Amino acid sequence: MIKEKDYLNNIAEQCLSKSNKLGSTDASVMVMHSVSEDVSVRNRKLDGSTRSENLGITLTTYIGKKKSTISSSDLNTKNLDGLINRCVESTKITPEDDLNSLADKELYFKGDKDLDLYDETVLENKKKIEYINEAEEEAFSRKDIVNTNGSGFSQNKSNFILANSSGFSDGYKTSHFTAYCEVVSKNNGSMERDYEYSSKRFFNDILKPKQLGSKAAELALKKLNPKKIKSEKLNIIFDKRIAKGFLSSFSSAISSSAFAKGTTFLKDKLNKKIFGDKINIQDKADIKKANGSRYFDVEGVKTNPLDLVKDGALNDLLIDTYNGKKIKKKSNGRANGSSNLYFLNGDLSFEELLNSNKKLLYITETIGRGSNIITGDFSVGASGLMVENGEFSYPVSEITIAGNLNNIYKNISLANDLEFNYSTNSPTMLVEGMIVGGK
Amino acid sequence: MSDLLKNSNLSLYTADKIVSDTLHDCDDGELYIEDTKFETVTLDDNKIKSSEYSIDSGYGFRAITDDVIAYSHSNEISEESLKKSSENLKSTLKSKKGTYNSEIKKTNQKFYNDIDPIETKSLNAKIELLNLMNEYSRSKDQSVKQVSASFLGEKKNVEILRLGGELLKDSRPLVRINISMMVEKNGRKETAVYGVGGRQSYDEYLKDGSWKKLCDEAFRIATTNLKSKPSPAGEMKVVLGPGWPAILIHEAIGHGLEGDFNRKKTSVFHNLVGRRVASEGVTIIDDGTIDNRRGSLNIDDEGTPTEKTVLIEKGILKNFMQDRLNARLMNTKSTGNGRRENYKHIVLPRMRNTIMLNGTHTQEEMINSVTKGIFAVSFGGGQVDITSGKFVFNCTEAYEIVNGKIGAPLKGATLIGDGPSSLKEVLMVGNDMMLDPGIGTCGKSGQGVPVGVGQPSLLIDNMTVGGTQL
């Protein structure tokens with residue numbers, strides 16, 4: 001069972017009052033509890049079950065402008081006292097930093113919590129196993145699906161309290177249900193794998209088993225007997241699950257810490273065009289039931305909606321208190337990064353994207369790290385499908401795609417098929433003129 | 001005597017009773033208890049950002065019958081909590097019956113000392129040194145615009161209680177010192193990261209001014225990259241430098257030789273034991289027994305003593321890396337490769353220090369033999385798809401080779417290859433084997449574990465380079 005608010009509050013209070021007694025001038029503490037119950041299945045047979053329970057604290061103490069942090073999972077009173085003592089002692093000898101402080105009080109979240117982030121549903125392991133077996137059953141019903149890499153179901157529930165010495169104290173429960181299915185296809189000595197997964201805050205919102213299994217199978221089958229193509233410049237379509245990766249590197253590149261240090265290729269681009277006119281990016285924390293939704297960040301600051309990119313121009317950054325001071329801006333509740341970050345829909349249909357050129361490469365998977373946010377250089381290993389005259393023609397693998405994000409951003413066109421499946425989401429994306437490395 | 005139960009209400013006697021009660025009808029399993037202390041001290045943007053310290057202790061209770069694993073972990077080490085876990089495991093495996101084999105190989109081997117690196121150097125001394133590293137780096141040249149340096153220290157104590165009352169222990173220190181630098185000249189920015197580490201005290205890596213060498217190396221790489229030109233795209237010959245580039249071995253071959261993927265037949269190597277998978281000159285081992293190395297362990301996380309496992313000998317595939325579960329199901333023995341990130345995770349077969357042994361060629365011979373190709377000296381990181389065998393890694397320092405000579409530095413190239421075929425394309429194996437500086441972390445199924453790699457220089461006939469120049 002998930003620990004209730006009073007229990008977590010009690011620990012938080014203890015930490016704050018003890019730190020204060022030991023000489024800290026300010027303190028902030030997060031107390032978290034989570035329970036997750038997972039099953040994994042292989043070839044329609046139970047492969048394993050795991051139950052995880054974690055209770056932990058993270059405490060930051062300040063003495064004037066000095067700051068230190070400890071975290072612990074060992075919460076018996078004797079150990080906790082020793083740790084708080086250690087934290088305060090470390091604070092004393094850590095050098096001062098004028099910008100260290102708690103967040104501005106007037107930015108704290110206040111108000112109703114009505115985003116529906118917690119589903120009470122409790123699934124017995126037996127039900128989870130049935131769910132996943134059905135998904136695998138569906139995948140195995142396809143010719144040439146010969147094996148699984150393991151499929152699984154996980155149910156995670158957590159609760160937390162964030163409290164600090166300037167009076168903030170709040171927290172809430174969240175839940176996640178995740179189902180995944182990963183299968184192996186084989187034909188003529190070619191062996192490929194692919195997966196589908198679905199993760200939602202509410203059990204009823206995740207993909208149904210048959211959809212999960214058939215999608216995984218379909219993807220793994222499409223990759224069989226790939227060809228390597230020769231090196232050339234091509235227009236590339238990124239499947240939604242790959243396209244959203246551009247948002248992850250974008251969010252690192254527009255963090256206030258990267259701006260404060262100048263370690264981003266977008267350093268001088270605030271209020272300037274970085275994308276084409278039709279591109280808009282929002283970060284919206286208040287979408288009901290969404291995976292990235294939250295009320296406030298780890299500093300207690302309300303996470304307001306942001307228009308990060310408007311008509312192609314960089315309009316706002318992801319800002320926390322400390323780095324905000326460096327760049328003379330107020331925190332916008334992004335101390336732990338973006339919330340629900342997404343490209344708004346473009347004006348082309350998926351079919352129009354496929355028909356935008358006689359020859360296109362449709363990328364379904366990339367491997368490798370990819371983006372260097374300091375230089376904007378982008379280079380990944382990739383596989384996908386060749387598209388000729390609007391039709392998928394053959395699978396392609398063992399190629400690389402490379403470019404620079406400055407150019408890539410200007411050459412993006414988006415389809416109108418946005419869905420909120422993850423915490424970052426993109427419609428299908430076309431990027432014109434990328435360099436493919438192959439034979 | 002258990003050291004890790006002493007602050008709890010759980011006695012070793014009771015723990016043993018619960019373990020017996022839970023595992024007597026199982027094929028394998030254990031109670032794994034762990035206590036980890038971890039610190040980071042970071043200097044960033046001219047300031048000590050903060051010092052962080054954490055303690056994490058807990059247990060992971062595992063029961064296995066056939067190929068079904070039941071696992072329950074908690075950071076509450078208590079009789080009540082362990083009983084709850086026991087119920088959970090028993091209910092998962094209730095319809096199964098196994099035979100437990102209590103025997104496990106014993107060892108007194110020690111590849112590192114039982115020290116606590118966090119306590120052997122004061123926080124003040126760490127802060128002072130980070131400030132020195134910052135000042136020294138910035139004084140090297142005006143182009144140095146950002147310096148970030150950090151100390152990461154860990155002390156992990158583990159105890160493994162098996163059915164029959166056997167209690168196996170290990171005490172593992174680990175440190176890492178990192179420096180990253182951003183340089184800017186004529187409007188162009190580049191960065192470099194360098195680090196060292198292993199299972200010794202910080203001072204072993206810092207003494208006699210050797211901390212300056214870390215700064216010098218980061219500066220050298222960053223400055224080299226300021227002069228880099230766009231990388232070519234397409235297939236070409238590749239010379240890999242010695243040491244850290246062995247993450248190619250780790251990605252291309254290593255993961256595919258882990259027992260689980262082969263038992264499940266999802267690795268491209270599963271049916272290739274005894275067959276040629278690499279050129280004649282290629283011998284690769286996975287060694288957990290090198291003194292003070294990041295990937296070394298006295299015992300693995302199931303209590304099996306580590307060893308030096310020959311994976312590929314003169315190009316022929318000899319062995320997979322095994323934990324107890326996969327070894328039992330494949331009728332072989334654990335090679336001491338059973339590892340987990342911490343008590344929150346199940347054991348998987350994982351690499352330790354994966355090393356290609358020396359050949360006979362010099363690096364110069366290799367470079368001289370290439371008309372058009374690239375010389376890759378260092379990598380940022382890599383990834384592999386076990387099933388298709390395709391792997392990539394990103395170069396952080398690379399040069400073009402033109403007519404047998406090293407040319408201009410190249411910008412951010414990605415190399416992509418095919419695991420089973422790439423080692424058959426090794427044309428020359430160097431005589432300059434080097435281990436990496438002690439910075440590797442390997443990720444698998446969401447678990448990160450410290451690993452090492454090593455290799456001599458290598459000439460590979462044909463790999464695809466991902467750049468922007470056609």
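**A friendly note on the two-chain model**

1. Let's start at one residue. Leaving aside neighbours within four places in sequence, A:Leu221 is in contact with A:Arg142, A:Asp144 and A:Ser185; two residues are in contact if their C-beta atoms, placed from the backbone, lie within 7 Å. This is a predicted model, in which local features need pLDDT of at least 70 and side-chain atom pairs count only at pLDDT 80 or more, while totals for chains, interfaces and linings use all residues. Residues are numbered from 1 along each chain as its sequence is written, and chains are lettered from A and ligands numbered from 1 in the order in which they are written.

2. A:Leu221 is found in helix α4 (residues 209-222) of chain A. Helices (H or I, at least four residues) and strands (E, at least two) are DSSP runs, numbered from the N terminus. A:Leu221 counts as buried because it has 20 C-beta neighbours inside 10 Å. The cut-offs are 20 or more other C-beta atoms within 10 Å of a residue's own for buried, 12 or fewer for exposed, and in between for partly exposed. The C-alpha atoms of A:Leu221 and A:Glu192 are separated by 7.6 Å, although the two residues are 29 apart along the chain.

3. Next, the core. A nonpolar core is a set of buried Ala, Val, Leu, Ile, Met, Phe, Trp, Tyr and Cys residues joined through C-beta atoms within 7 Å. The largest one has 214 residues, and those touching the most other members are A:Ile236, B:Met181, B:Ala218, B:Ile374, B:Ala376 and B:Leu415. This core lies between domain 2 (125-222) and domain 3 (226-439) of chain A, because both give residues to it; the domain bounds come from an automatic or database domain assignment. Apart from it lies another core of 24 residues, including A:Val31, A:Ile70, A:Val88 and A:Phe160.

4. Now look where the chains meet. The contact takes 62 residues from chain A and 65 residues from chain B. On the side of chain B that touches chain A, strand β2 (residues 47-65) of chain B gives the largest share, eleven residues. Strand β3 (residues 66-72) of chain A and β2(B) pair in the parallel sense over five bridges; strands pair if DSSP finds at least two bridges between them. In β2(B), B:Ile55 is the bridge partner of A:Ser72.

5. Helix α6 (residues 245-253) of chain A has a buried set: A:Phe246, A:Leu247, A:Phe250, A:Ser251 and A:Ala253. They lie on the same side of α6(A), because they cover an arc of only 155° around the axis, taken from the directions from the helix axis to the C-beta atoms. Their cover includes α5 (240-243), α7 (256-261), β12 (341-343) and β17 (424-425) of chain A.

6. Strands β14 (residues 377-388) and β15 (residues 391-404) of chain A pair in the antiparallel sense over eleven bridges, and A:Asn404 in β15(A) is the bridge partner of A:Asp377. Two residues lie between the strands of this hairpin, where A:Asn389 takes a positive phi near 50°. β15(A) also pairs in the antiparallel sense with strand β18 (residues 429-437) of chain A, over three bridges.

7. Finally, trace the open sheet of five strands in chain A, ordered β11-β10-β9-β12-β17 with mixed pairing. Its edge strands, β11 (313-314) and β17 of chain A, each pair on one side only. Strand β10 (residues 306-310) of chain A runs antiparallel to β11(A), joined by two bridges.
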